[in-house]
Amino acid sequence: MLLQLLVSFLTSFVFGAKVYNCPDGWTNNTNCGYTACYYLIEADGTMNTIINDLCPKMNNLSYGASIHCADEKAFTSSTFGKACTGMYLYGVTWSPTAFVNQDGTPIDYTNWAASEPNDNTSNLAVLQTAGGSWYDVGGTTCTHILCKIKLNTKTCKNKA
Ligand SMILES: *[C@@H]1O[C@H](CO)[C@@H](O)[C@H](O)[C@H]1NC(C)=O
Ligand SMILES: *[C@@H]1O[C@H](CO)[C@@H](O)[C@H](O)[C@H]1NC(C)=O
Ligand SMILES: *[C@@H]1O[C@H](CO)[C@@H](O)[C@H](O)[C@H]1NC(C)=O
(Lines give C-alpha, C1' and ligand atoms only; values in the text may rest on other atoms or scores of the structure.)
(Ligands and ions follow the chains in the order given, each with its own letter.)
Protein backbone atom coordinates (compact mmCIF):
# COMPACT_ATOMS: atom_id res chain seq x y z
CA MET A 1 0.00 0.00 0.00
CA LEU A 2 2.63 2.49 1.06
CA LEU A 3 4.84 1.30 -1.75
CA GLN A 4 2.01 1.75 -4.25
CA LEU A 5 1.40 5.27 -3.02
CA LEU A 6 5.07 6.05 -3.30
CA VAL A 7 5.29 4.62 -6.79
CA SER A 8 2.21 6.50 -7.94
CA PHE A 9 3.50 9.72 -6.41
CA LEU A 10 6.90 9.35 -8.07
CA THR A 11 5.30 8.37 -11.37
CA SER A 12 3.06 11.42 -11.40
CA PHE A 13 6.05 13.54 -10.47
CA VAL A 14 8.23 12.29 -13.29
CA PHE A 15 5.67 11.65 -16.02
CA GLY A 16 2.74 13.81 -15.02
CA ALA A 17 4.28 17.26 -15.30
CA LYS A 18 1.57 19.77 -16.04
CA VAL A 19 2.42 21.96 -19.01
CA TYR A 20 -0.16 24.45 -20.18
CA ASN A 21 1.79 26.72 -22.49
CA CYS A 22 4.44 26.21 -25.08
CA PRO A 23 8.00 27.31 -24.38
CA ASP A 24 9.13 30.36 -26.33
CA GLY A 25 9.77 29.62 -29.96
CA TRP A 26 7.66 26.46 -30.09
CA THR A 27 4.64 26.27 -32.40
CA ASN A 28 1.38 25.06 -30.97
CA ASN A 29 -1.39 23.30 -32.82
CA THR A 30 -4.46 21.29 -31.95
CA ASN A 31 -4.74 17.97 -33.73
CA CYS A 32 -6.19 14.59 -32.90
CA GLY A 33 -8.15 16.14 -30.04
CA TYR A 34 -5.21 17.61 -28.12
CA THR A 35 -2.90 20.60 -28.22
CA ALA A 36 0.84 20.14 -28.48
CA CYS A 37 3.93 22.26 -29.02
CA TYR A 38 6.32 21.44 -31.85
CA TYR A 39 9.92 22.44 -32.50
CA LEU A 40 12.34 21.44 -35.22
CA ILE A 41 15.96 20.79 -34.28
CA GLU A 42 18.95 19.99 -36.43
CA ALA A 43 20.42 16.57 -35.85
CA ASP A 44 24.12 15.85 -35.89
CA GLY A 45 23.88 13.29 -38.66
CA THR A 46 25.17 10.45 -36.50
CA MET A 47 23.36 7.17 -36.00
CA ASN A 48 20.59 6.78 -33.47
CA THR A 49 19.65 10.41 -33.15
CA ILE A 50 16.36 9.44 -31.58
CA ILE A 51 18.00 7.11 -29.10
CA ASN A 52 20.50 9.84 -28.31
CA ASP A 53 17.58 11.78 -26.89
CA LEU A 54 18.13 15.01 -28.76
CA CYS A 55 14.64 16.27 -27.97
CA PRO A 56 14.66 15.46 -24.22
CA LYS A 57 18.18 16.89 -23.97
CA MET A 58 16.97 20.17 -25.47
CA ASN A 59 13.81 20.34 -23.37
CA ASN A 60 13.22 17.76 -20.68
CA LEU A 61 9.45 17.70 -21.31
CA SER A 62 9.82 16.90 -25.00
CA TYR A 63 10.22 13.79 -27.08
CA GLY A 64 10.59 13.11 -30.75
CA ALA A 65 7.13 13.86 -32.12
CA SER A 66 4.59 11.08 -32.18
CA ILE A 67 2.06 11.51 -34.97
CA HIS A 68 -1.45 10.30 -34.16
CA CYS A 69 -3.79 11.34 -36.95
CA ALA A 70 -3.91 12.69 -40.50
CA ASP A 71 -4.34 16.27 -39.27
CA GLU A 72 -1.20 16.08 -37.15
CA LYS A 73 0.71 14.55 -40.06
CA ALA A 74 -0.53 17.29 -42.41
CA PHE A 75 0.23 20.09 -39.96
CA THR A 76 3.72 18.90 -39.04
CA SER A 77 4.81 18.03 -42.58
CA SER A 78 3.56 21.25 -44.14
CA THR A 79 4.89 23.43 -41.30
CA PHE A 80 8.27 21.85 -40.65
CA GLY A 81 9.06 19.95 -43.87
CA LYS A 82 11.22 16.87 -44.07
CA ALA A 83 12.15 15.62 -40.60
CA CYS A 84 12.48 12.50 -38.54
CA THR A 85 9.74 12.00 -36.01
CA GLY A 86 9.87 10.26 -32.65
CA MET A 87 9.01 6.90 -34.17
CA TYR A 88 11.86 4.44 -34.43
CA LEU A 89 12.96 0.84 -34.28
CA TYR A 90 16.08 0.15 -32.29
CA GLY A 91 17.88 -2.92 -31.08
CA VAL A 92 15.14 -5.36 -31.98
CA THR A 93 14.61 -7.61 -34.96
CA TRP A 94 13.04 -5.67 -37.79
CA SER A 95 9.39 -6.12 -38.50
CA PRO A 96 6.86 -3.67 -39.91
CA THR A 97 5.12 -3.64 -36.52
CA ALA A 98 8.22 -3.33 -34.29
CA PHE A 99 8.36 0.48 -34.45
CA VAL A 100 7.62 2.43 -31.25
CA ASN A 101 7.12 6.06 -30.31
CA GLN A 102 9.77 7.66 -28.11
CA ASP A 103 7.07 9.25 -25.93
CA GLY A 104 5.59 5.83 -25.20
CA THR A 105 2.28 6.49 -26.91
CA PRO A 106 0.87 3.72 -29.11
CA ILE A 107 1.34 3.66 -32.86
CA ASP A 108 -2.30 4.36 -33.72
CA TYR A 109 -1.73 6.07 -37.06
CA THR A 110 0.80 5.56 -39.86
CA ASN A 111 1.32 7.13 -43.26
CA TRP A 112 3.95 4.87 -44.85
CA ALA A 113 4.78 5.55 -48.48
CA ALA A 114 4.08 2.71 -50.89
CA SER A 115 6.10 -0.43 -50.01
CA GLU A 116 7.37 1.15 -46.76
CA PRO A 117 8.57 0.24 -44.20
CA ASN A 118 11.11 -1.94 -45.95
CA ASP A 119 14.62 -1.43 -44.58
CA ASN A 120 14.77 -4.65 -42.58
CA THR A 121 17.66 -3.60 -40.35
CA SER A 122 17.57 -3.10 -36.62
CA ASN A 123 18.28 0.60 -36.07
CA LEU A 124 15.87 2.83 -37.90
CA ALA A 125 14.19 6.19 -37.66
CA VAL A 126 11.04 7.29 -39.43
CA LEU A 127 11.46 10.16 -41.86
CA GLN A 128 8.36 12.20 -42.68
CA THR A 129 8.67 14.10 -45.96
CA ALA A 130 7.30 17.58 -46.62
CA GLY A 131 4.46 15.83 -48.42
CA GLY A 132 3.71 13.78 -45.30
CA SER A 133 4.83 10.33 -46.46
CA TRP A 134 6.82 8.11 -44.09
CA TYR A 135 10.01 6.16 -44.82
CA ASP A 136 12.06 3.98 -42.51
CA VAL A 137 15.64 5.21 -42.73
CA GLY A 138 18.98 4.88 -40.99
CA GLY A 139 19.46 7.45 -38.25
CA THR A 140 22.16 9.27 -40.24
CA THR A 141 19.47 10.35 -42.68
CA CYS A 142 17.92 12.48 -39.95
CA THR A 143 19.28 15.96 -40.45
CA HIS A 144 16.27 17.32 -38.61
CA ILE A 145 14.14 15.96 -35.80
CA LEU A 146 10.71 17.20 -34.88
CA CYS A 147 10.21 17.51 -31.13
CA LYS A 148 6.87 17.69 -29.36
CA ILE A 149 5.45 18.53 -25.96
CA LYS A 150 1.87 17.48 -25.37
CA LEU A 151 0.07 20.12 -23.33
CA ASN A 152 -2.26 19.44 -20.44
CA THR A 153 -5.67 21.04 -20.54
CA LYS A 154 -6.18 23.76 -18.00
CA THR A 155 -9.72 23.81 -16.72
CA CYS A 156 -11.10 26.52 -14.49
CA LYS A 157 -14.54 25.64 -13.19
CA ASN A 158 -15.35 29.19 -12.16
CA LYS A 159 -14.93 30.55 -15.65
CA ALA A 160 -16.70 29.84 -18.88
C1 LIG B 1 -0.58 29.09 -29.25
O2 LIG B 1 -0.07 30.05 -30.15
C3 LIG B 1 -0.81 31.24 -30.15
C4 LIG B 1 -0.25 32.13 -31.25
O5 LIG B 1 1.12 32.27 -31.11
C6 LIG B 1 -0.73 31.89 -28.77
O7 LIG B 1 -1.48 33.07 -28.74
C8 LIG B 1 -1.26 30.91 -27.73
O9 LIG B 1 -1.08 31.44 -26.44
C10 LIG B 1 -0.53 29.60 -27.83
N11 LIG B 1 -1.14 28.62 -26.94
C12 LIG B 1 -0.43 27.84 -26.17
C13 LIG B 1 -1.23 26.87 -25.37
O14 LIG B 1 0.78 27.88 -26.09
C1 LIG C 1 13.74 20.42 -16.63
O2 LIG C 1 14.09 21.69 -17.11
C3 LIG C 1 13.62 22.75 -16.30
C4 LIG C 1 13.87 24.06 -17.03
O5 LIG C 1 15.16 24.10 -17.58
C6 LIG C 1 14.31 22.66 -14.96
O7 LIG C 1 13.87 23.71 -14.11
C8 LIG C 1 13.99 21.32 -14.33
O9 LIG C 1 14.69 21.19 -13.11
C10 LIG C 1 14.35 20.18 -15.24
N11 LIG C 1 13.84 18.95 -14.68
C12 LIG C 1 14.56 17.84 -14.67
C13 LIG C 1 13.89 16.64 -14.07
O14 LIG C 1 15.68 17.79 -15.14
C1 LIG D 1 14.71 -9.58 -43.23
O2 LIG D 1 15.97 -9.94 -43.72
C3 LIG D 1 16.36 -11.26 -43.33
C4 LIG D 1 17.82 -11.47 -43.74
O5 LIG D 1 18.03 -11.04 -45.05
C6 LIG D 1 15.42 -12.26 -43.97
O7 LIG D 1 15.77 -13.57 -43.60
C8 LIG D 1 14.00 -11.96 -43.47
O9 LIG D 1 13.09 -12.80 -44.13
C10 LIG D 1 13.64 -10.52 -43.75
N11 LIG D 1 12.36 -10.23 -43.08
C12 LIG D 1 11.36 -9.59 -43.69
C13 LIG D 1 10.13 -9.42 -42.88
O14 LIG D 1 11.44 -9.16 -44.83
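Q: So what pattern does the protein chain follow, read along the sequence?
A: Along the sequence, the protein chain goes α-β-β-α-β-α-β-β-β-β-β. That's three helices and eight strands, where helices (H or I, at least four residues) and strands (E, at least two) are DSSP runs numbered from the N terminus. Keep in mind that this is a predicted model: local features need pLDDT of at least 70 and side-chain atom pairs count only at pLDDT 80 or more, while totals for chains, interfaces and linings use all residues. Residues are numbered from 1 along each chain as its sequence is written, and chains are lettered from A and ligands numbered from 1 in the order in which they are written.

Q: How much of the protein chain is buried?
A: Buried residues make up 28% of the 160 residues. A residue is buried if 20 or more other C-beta atoms lie within 10 Å of its own, exposed if 12 or fewer, and partly exposed in between, with C-beta atoms placed from the backbone.

Q: And the contacts, what share join residues at least 24 apart?
A: Among contacts between residues at least 6 apart in sequence, 65% join residues at least 24 apart. Contact here means C-beta atoms, placed from the backbone, within 7 Å.

Q: Okay, the core. Which residues touch the most other members of the largest nonpolar core?
A: Y38, C84, Y88, A125, V126, I145 and C147, out of 25 residues in that core. β2 (34-42), β4 (83-90), β6 (123-128), β7 (134-137) and β8 (144-150) each supply at least two of its residues. The largest share, five residues, comes from β4. By nonpolar core I mean a set of buried Ala, Val, Leu, Ile, Met, Phe, Trp, Tyr and Cys residues joined through C-beta atoms within 7 Å. In soluble globular proteins, nonpolar side chains tend to be buried together.

Q: Tell me about β4 then. Why is it largely enclosed by the rest of the structure?
A: Because seven of its eight residues are buried.

Q: What does β4 pair with?
A: β4 pairs with β6 in the antiparallel sense over five bridges, with A83 and Q128 as bridge partners. Two bridges also join β4 to β5, again antiparallel, and there M87 stands opposite N101. Strands count as paired if DSSP finds at least two bridges between them.

Q: How many bridges join β2 to β8?
A: Seven, and the two run antiparallel. A36 stands opposite K150 of β8. β2 also pairs with β1 (residues 27-31), antiparallel over five bridges, and N28 has C37 as its bridge partner there.

Q: What's going on in the hairpin of β1 and β2?
A: There are two residues between the strands, and C32 takes a positive phi near 55°.

Q: Switching topic: which residues surround ligand 1?
A: N21, C22, N28, T35 and L151; the cut-off for being near is a C-beta atom, placed from the backbone, within 6 Å of the molecule. The shell divides into two nonpolar, three polar and no charged residues. For those classes, Ala, Val, Leu, Ile, Met, Phe, Trp, Tyr, Cys and Pro count as nonpolar, Asp, Glu, Lys and Arg as charged, and the others, Gly among them, as polar.

Q: Now F75. Is it buried or exposed?
A: F75 is buried, because 20 other C-beta atoms lie within 10 Å. F75 lies in helix α3 (residues 70-80). Leaving aside neighbours within four places in sequence, F75 is in contact with N29 and N31. The C-alpha atoms of F75 and T30 are separated by 9.4 Å, though the two are 45 residues apart along the chain.

Q: What do the buried residues of α3 pack against?
A: β1, β2, β6 and β8. Those buried residues are E72, K73, F75, T76 and S77. Just after α3, G81 takes a positive phi of about 75°.

Q: Last one: where is the cis peptide bond?
A: Between E116 and P117, with omega about -5°. P117 sits in the loop between β5 (100-101) and β6. Most residues other than glycine have a negative phi, and most peptide bonds are trans.

Q: And what phi does S115 have?
A: A positive one of about 65°, although S115 is not a glycine. S115 is in the loop between β5 and β6, and is exposed, with 7 other C-beta atoms within 10 Å. N120, also not a glycine, has a positive phi of about 50°. N120 is in the loop between β5 and β6 and counts as exposed, with 11 C-beta neighbours inside 10 Å.

Note on methods:
Contact = placed C-beta atoms within 7 Å.
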